[in-house]
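Keep the 3D view open as you read.

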Amino acid sequence: MTGRQVLCRLFLAGLLHAFTAECKTHISVVLVGATGDLANKYLWQGLFQMYMEQVDAGLHGFSFYGGTRLPAAEATPAMYEILKGLSCLPNVPSVKCVVLKDQFIKLSRYHQMNTVEDYADLDKKMDELLGQEGLEEEGRLFYLCVPAFAYVDIATKVNATCRPREGAWLRVVLEKPFGHDLESAQTLAEELQRYLREEEMYRIDHYLGKQAIAHILPFRNENHNSLDPIWNQHHIERVEIVMKETVDAKGRTSFYEQYGVICDVIQNHLTEILTFVAMETPANISDAEEIHRNKMKVYASLQRLSKRSAVLGQYLAYNSEVVHELEKPADYRSNVPTFAGVGIFLDSPRWDGVPFVLSAGKALDERVGYTRILFRNKAFCLQSESTRRAESSQCKTKQIVFYVGHGDLNFPAILVSRNLFKPVMNPAEWKQMTELPDLHVFGLPLSDYYVYTPVMQKDAYAVLIPQILRARRDSFINTEDLLASWRLWTPLLREMSGDPPRIYPGGLHNAALLDFTVAGTVVSFNEPEPLAVISPNLHPQLPSDYKAVESSYRGHTLVSASGEDLVARLASDLHGAAQETVQRSGRFHLALSGGSSPVRLFQRLAAHHCTFPWRQTHFWMVDERCVPLHDAKSNFGSLHDHLLLHFKIPYLNIHPMPVHMNRRLCVEEDHGADLYANEIKTLVNGSSFDFVLLGVGSDGHTASLFPNSQALGEGKKLVVLSESPLKPHQRMTLSLGAINRSKHVAILITGKAKHPIVSKMNKAEENSQQWPVTSVQLANGQLVWYIDSDALFG
């Protein structure tokens, strides 16, 4: 070290001594879990940066305590190893950094924090320091970097032994997860409120400290003149909130098995961002209460989520990692998602019909996070793309992107399309990039954007921790906010808990496998799962831990996949058959079964198959319950409500079964079955339907043809009356003779409850007619079994 450096160091040390002497108020900071991974990577560094800022401001004196349950002899060396690795921001001179770091380490000490006596001893030491230095206590900050199950125990001890003197504040920082559903979050909140007041709890979501995300509300406020006219449904096409990771869950499967991707990052990080984008701009963006009120208005307007609102995936190796790390049986199958895509809608005039698309996952193709507001483009562009001026063309995509970092840019940034407006940005915090790398972001060269980056890049914890000292609660989650978020997500989690997620290989091999579409309010994968399709002549190479299926089922083609993928494939096959038949003969005769299984198919067709030849299709019923057509149990009523209602289909193309005649139901003397048979003979060439959809009951029945039913022997008739063992007992149904004349028959079987009958039929001889469905043997047509993985594997 040169003489000049020694003098500088002595001079700065003198300044620090003067600073310590002048600061009459004192803050004690206690980091519980001081040697853990999070403390090592982020928290000590965040505390150090906070300390450096406070030294410059000269407001408070500090002491820092690191604690774990371990004795000092075991944990002190590990804590000081972490402290030795601390670093300063690039704008801090190296000599000053050395001195500040040395001072910070001297102010930091280890204290065992296991028993109530340990906490009482800590309180005594903090009081002694105040008395010795003659300092006034400003407050005490406890940062709990421990598993959530330990929160209540620590809060109990802090409340009993470590509360500061009257007039000083207590603030306790809690890391997520804050529960795994509404009930657990509510229980945890109620237990904590017994020992801590609401204003004393700071639930930290570090993602809100990411500089681009933390600037969403300031950006909206600073640019309200430009944004107010266009921040609505008339101008915004959609909002994308995305967090992609390349890492997997290896080493964390015990946590992931309990939480999954939705609880891990979507319920908290991404949902909080949604509220920042969707809320009305606060008059005062520093007013935590106003921000909270506006957040709650957003939560109140969110539409209920259902399984049609989301798609789930799981990377291929996850299940084997769970089996290995958690010592599960070899045949264990986890349904925990490691990827999710969700479409959320708001019932509000500003956002009516605008999808907020939230997506996150592990083992994806890149690490990147962003919030993207994509604007509608109403311009018609006559000029060719090659001759347009790059930055000013109204025909280019218009968007605002709050870019968290990583990905192609690899730094936090705010991007605004040049054909929107030039944003107002605080020059003390954000600088415009004038020399731009040759990159494309969301399909456009970077030169098509105004690009702003932070003047000084900071870690999220370095952004948030100083706000705790200033009692700035707007970036923290209060109890009401937390429970409102869980009320949104818990119904979806419960509804999809048994659904197997789509398996994806991971990394770049995912290709388009996880791409999804938001059509109306329905979210679905763009294409069926390629591993799922099995036919007699196709033997794909399946991964060793993926459950393979037989190449055929009962001598016919088998298509198998998880629930939604199977329905998507069936809808696509049905669409193709309809188009081919209409091109050949001008019309398509489709006979559909009732029950619960076809409903998902009807919904899929309604949401994704607008180009289906609806006006050329005749809709027939395979079977009908003997109830009025407007009754909730009517098969035709279900078909009407879930499919026919959505399209303009000619009245004469719709053929409900005549079960309600002469003000009575299915009376043989009314000859309803004969009337329907005559209608089929008149309109359907050769009485051979182009496509018939059947289901299978747990007893092996199909249509309304039940085991040991007399109707099974009436194959010469096209339509017969039958009896069901379940209410309503009376049914009208196509006969086996009518079904076996068809050109195409699809048998759809879904759900674990059907696994026993699927297994029994698979083991029986191919020519066995033990169950009604096995008597479906087409004379000249094609039979395909569509069986989901639950029904196939159990």
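Predicted model: local features only at pLDDT ≥ 70, side-chain atom pairs only at ≥ 80, totals over all residues.

As background, nonpolar side chains tend to be buried together in soluble globular proteins.

If you set aside its neighbours within four places in sequence, Phe142 is in contact with Val30, Met113, Leu122, Met126, Val158, Cys162, Leu170, Arg171, Val172 and Val173.

Next, have a look at helix H19, which covers residues 672-683. With twelve residues at 1.5 Å a residue, H19 should span 16 Å, and the 17 Å between its end C-alpha atoms agrees with that.

Which residues of H19 are buried? They are Gly672, Ala673, Tyr676, Ala677 and Ile680. Because these residues cover an arc of only 135° around the axis, they sit on the same side of H19. On the other side of H19, you will find Lys681 and Thr682 exposed. The cover over the buried residues of H19 includes strands E26 (617-621), E28 (654-655), E29 (660-661), E32 (719-723) and E33 (730-734).

Strand E7 (residues 236-244) has seven of its nine residues buried, so the rest of the structure largely encloses it.

How do its two partners run? E7 and strand E11 (residues 368-375) are antiparallel and are joined by eight bridges; here Arg238 stands opposite Leu374 of E11. E7 and strand E10 (residues 356-361) run parallel, with six bridges between them, and Ile241 has Leu358 in E10 as its bridge partner.

## A seven-strand open sheet

Elsewhere in your view, seven strands form an open sheet in the order E3-E2-E1-E4-E5-E6-E18, and the pairing is mixed. At the edges are strand E3 (108-110) and strand E18 (476-477), each of which pairs on one side only.

Within this sheet, strand E1 (residues 25-32) pairs with strand E2 (residues 61-67) in the parallel sense, over seven bridges.

Conventions. Residues numbered from 1 in each chain as written. Heavy atoms only, no water. Contact = heavy atoms within 4.5 Å. Helix = DSSP H or I, 4+ residues; strand = E, 2+ residues; numbered from the N terminus. Expected span 1.5 Å × (residues − 1). Buried < 20%, exposed > 50% of the residue type's maximum accessible area, 1.4 Å probe, protein only. Arc of directions from axis to C-beta. Pairing = 2+ DSSP bridges.
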